[in-house]
Amino acid sequence: MHDDHDDAFALDTLAIRAGHDRTHEQEHGEPIFPTSSFVYGSAAEAARKFSGEEPGNIYSRFTNPTVRTFERRLAALEGGESCVATSSGMAAILATALAFLQAGDEIVASRSLFGSTVSLFDKYLGKLGIVTRYVELGDLDAWQAAITPQTRLLFAETPSNPLSEVVDIAALANLAHRHDAWLAIDNCFLTPVLQRPLDLGADLVIHSATKYLDGQGRAIGGAVVGPEEMLKELVGVVRTCGPCMSPFNAWIFLKGLETLGLRMKAHCENTLAMAQWLEAQPEIARVYYSGLESHPQHALAKQQQSGFGAVLGVEVKGGRDGAWALIDHSRLMSITGNLGDVKTTVTHPATTTHARLSDAQKVAAGISEGLVRIAVGLEALDDLKRDIRRGLDTLG
């Protein structure tokens, strides 16, 4: 199914059906096209396609039928006109910057970003003369104060990693547009099942498809969703610079999307129950999860999200020793920096995902030595509780 009126279908239907144009073979499942190039019936046909006069496949770096099916499906899920797939989530952010920014431009970004995103902005975009200013995610006055005439892009993850901080997307979009800037929202923690930033006024939605879009930790990929006219320049970046998604990975992501709605609902149920249980454990100083009524932005999260996701932060008493005891005594949870998997994962952000931040940056982002990030999977909740309790019991 590839329908110009995809909004007529429910999200769960789009996740299974959208974007697939059957070939002459009349296949039921989406095919993989593992080919680097495509052939033409004549030199004139090749010329028309290379010039853009006639649509069609040219080279799999930027035109591949399997990748195109994934792009169409994700665009339909996010309610966007177009999508550009990339080799990773970080490649999606880099391609966005290369497409829309130049030397002298400025970014205003949340202080609560994934560590690699901060490194990209500061170290590599900084070399190109692009300045990034960081603010508290939920403080709209701080965003306003940081904007200058050179600001072109506002960038945020909401909810944040790993403290579940939230920003009012509609208000931030209005602020960006008043200053002739764009708003990009990293939506990989919630996916379009739980949050649709474009509906709230954002210009671009960015994904690490590696996370929940796949859902089983099998492949690396990224994507940007937004207006078709705007994304033409981003297509040019992928075509010229080459951070493209492979056909095989695109096929894996298509299979992941088929169960996205079911998985995200199950993740949310497990995670809320886990967060409530953790709040009651005496060895835990604080639980960061916007689904908890104790979270300071619970009302805002409830307003703009249809669920609260599967990632929570846990402040363990005893600092690093306490955090590492919880992690090291696990026999079930996977100790890894990745998330978005049906398998529960656990990590110590200060020494893994955010290790490249300076001590001052960690403090500003709320990344303490006692903080543990748990991405709750789909295992039986009682088994996960016993696994965590094993580590907590050693803290005395």
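This report walks through some local features of a predicted model.

## Ground rules

Residues are numbered from 1 along each chain as its sequence is written, and side-chain values use heavy atoms, with hydrogens and water left out. As the model is predicted, local features need pLDDT of at least 70 and side-chain atom pairs count only at pLDDT 80 or more, while totals for chains, interfaces and linings use all residues.

Helices (H or I, at least four residues) and strands (E, at least two) are DSSP runs, numbered from the N terminus. Buried means under 20% relative accessible area, exposed means over 50%, and partly exposed lies in between (1.4 Å probe, protein chains only).

## Aromatic pairs

A pair of aromatic rings is described by the distance of the centres and the angle of the planes. Rings of Phe, Tyr and Trp (its six-membered ring) pair if their centres lie within 6.5 Å. Planes under 30 degrees apart count as stacked, over 60 as edge-to-face, and the rest as tilted. By this rule there are six aromatic pairs. One of them joins Phe70 and Phe253: it is tilted, with 5.6 Å centre to centre and 40 degrees between the planes. Phe70 lies in helix α3 (residues 65–78) and Phe253 in helix α10 (residues 247–258), so this pair ties together parts that are 183 residues apart in sequence. Phe70 is buried at 0% relative accessibility. Phe253 is also buried, at 0%.

Now take Phe100 and Trp182. Their ring centres are 5.3 Å apart and their planes sit at 55 degrees, so this pair is tilted. Phe100 is in helix α4 (residues 89–100) and Trp182 in strand β5 (residues 182–186), 82 residues apart. Phe100 is buried at 13% relative accessibility, whereas Trp182 is partly exposed at 28%.

Nine of the 12 residues of α4 are buried, so the helix is largely enclosed by the rest of the structure. Among them are Gly89, Ile93, Thr96 and Phe100.

What caps the N-terminal end of α4? Ser88 does: a side-chain oxygen lies 3.4 Å from the backbone nitrogen of Met90. A polar contact is a pair of N or O atoms within 3.5 Å; within protein, one must be able to donate a hydrogen and the other to accept it, and residues adjacent in sequence count only if both atoms are side-chain atoms.

## Pocket and cavity

On a 1 Å grid over the protein atoms alone, a cavity is a set of points where a 1.4 Å probe fits but cannot get out. A pocket is an open set with protein on both sides within 12 Å along at least five of seven lines, and lining residues have an atom within 4 Å of a point. Grid points are joined across faces, edges and corners, and a volume is the space filled by probe spheres set on the points. The second largest pocket holds about 310 Å³ of space. Of its 21 lining residues, Met90, Phe114, Cys188, Ser208 and Lys211 lie nearest its centre. Helix α4 gives the largest share of the lining, three residues.

The structure holds one cavity of 30 Å³ or more. Its lining includes Pro159, Ser164, Phe189 and Val311. Pro159 sits in the loop between β4 and α7 (169–178). The peptide bond from Thr158 to Pro159 is cis, with omega near 0 degrees. The bond from Asn161 to Pro162 is cis too, with omega near 5 degrees.

## Two buried residues

Val67 lies in helix α3 and is buried, with a relative accessible area of 8%. Leaving aside neighbours within four places in sequence, Val67 is in contact (heavy atoms within 4.5 Å) with Ala85, Met245, Ser246, Pro247 and Ala250.

Thr151 lies in strand β4 (residues 151–157) and is buried at 1% relative accessibility. The Thr151 side chain reaches the backbone nitrogen of Thr148 at 2.9 Å.

## Positive phi

Asp180 is not a glycine, yet its phi is positive, about 55 degrees. Asp180 is exposed at 65% relative accessibility. Thr191 has a phi near 65 degrees, but Thr191 is buried at 0%.
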